[in-house]
Amino acid sequence: MAQMTLTAALTYLQDYNREATSARDVRICTKIANDANEEFHRMGLFDFDRRWGRLAFAAQKTAGTVSINAGASAVTGVGTAFASADVGGFIRFAGEEETYPVATYVSPTSITITGTYLMAANLSAGTYSLTNPRVALPARFRQFQKPQSDVVDTPMSPCLLSQIMYWRKFIQETGNPRDYAVEWSSTPAPFIWVYPDPLIKTVVDIFYYVHPTPVSAGTDLFGIPEECDGALRQLMRAHLYAEQGKPEAAVELERARQQCFEVAGAFRSISESPQREMWTPSSDLDAENVYRTSLDNVLAAGEPLYI
């Protein structure tokens, strides 16, 4: 059995809703299929939802001097090298606790900050530091497995965003990042904050899990191994019953979710093994329809291993 496409899912749903032929019904069934797929993916952290990526944090800038007037937002530099990539970074004027987000880039010697300069007196030819400890995470980001800086051998430690904000304001370290937090309030993608603020250009390797991509075209796949298709179909049908207001919807949802948990749990028990990084359908299902993986068939499938 091939992996399920949206067309196959719609055909399956229409078998239980034979009058569903209008464009509106197709839209409803597509939403039902996507909602069920999202629910299935939330039942575990699977290798097929895992991605690898790299995030780049710019080096700290301190060259030249800057001036800004009290209550103003325009920063004028002498000997500075501001760039468009600095937008979204944070500038701190020497001797102060506050950091100001960089709002716009005007020229190598001119930027503006978000809000206004809070000090009562003007700053003239003062020193500064401009860092960017905050970088957007990939689209559909769901959860980290681990982020690791390229300049250290150990993963960074998770902490509260409020803790990073406190450290940045009152301790003001720079160096190799050792802690991180996720800012979830931002859209369309969350951000990662690191601490200390990077002193040099720093690349962070990340392994992370993603939300499934919503399907919209007939040939789009649901992004799960084919062994899980049956459980997903049952969950889609239960969602359809709920949409139709059928009295058996609650019972069907409970049964479908239980089946999905069993299938997902069996798959997760082998896909999260420290000896596995990826999966292939042929190596996950034996003749008795039992999920099982050994080192031999992982190697036979040509899959990479953790060493």
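1. Contact, as used in this note, means heavy atoms within 4.5 Å. The model is predicted, so local features need pLDDT of at least 70 and side-chain atom pairs count only at pLDDT 80 or more, while totals for chains, interfaces and linings use all residues. Residues are numbered from 1 along each chain as its sequence is written, and side-chain values use heavy atoms, with hydrogens and water left out.

2. Alanine 136 belongs to strand β9, residues 134-136 (strands are DSSP runs of E with at least two residues, helices are runs of H or I with at least four, and both are numbered from the N terminus). Beyond its neighbours within four places in sequence, alanine 136 is in contact with Leu55, Pro190 and Phe191. Leucine 55 is 81 residues away along the chain, and the two C-alpha atoms are separated by 8.4 Å. With a relative accessibility of 40%, alanine 136 counts as partly exposed (buried is under 20% relative accessible area, exposed over 50%, partly exposed in between, with a 1.4 Å probe and protein chains only).

3. Helix α1 has Leu6, Ala9, Leu10, Tyr12 and Leu13 among its buried residues. Viewed down the axis of α1, the buried residues fall within an arc of 160 degrees, so they line one face of the helix (the arc is that of the directions from the helix axis to the C-beta atoms). These buried residues pack against α2 and α4.

4. How do α1 and α2 pack, and at what angle? Their angle is about 110 degrees and their axes are 10 Å apart (axes are lines fitted to C-alpha atoms, for helices over the stretch in contact, and angles run from 0 to 180 degrees between N-to-C directions). The two helices, α1 and α2, are therefore roughly perpendicular to each other, a term for angles of 65 to 115 degrees. Leu6, Leu10, Leu13 and Gln14 of α1 meet Val26, Cys29, Thr30, Ile32 and Ala33 of α2.

5. The largest nonpolar core has 30 residues, and Leu13, Phe40, Phe222, Leu232, Leu235 and Met236 are those with the most contacts inside it (a nonpolar core is a set of buried Ala, Val, Leu, Ile, Met, Phe, Trp, Tyr and Cys residues joined through side-chain atoms within 4.5 Å). Helices α1, α2, α4 and α5 each give two or more residues to this core.

6. Glutamate 252 is found in helix α5. Glutamate 252 is buried, at 14% relative accessible area. Setting aside neighbours within four places in sequence, glutamate 252 is in contact with Arg237, Ala238 and Tyr241.

Notes:
Parallel < 35°, antiparallel > 145°, perpendicular 65-115°, else oblique.
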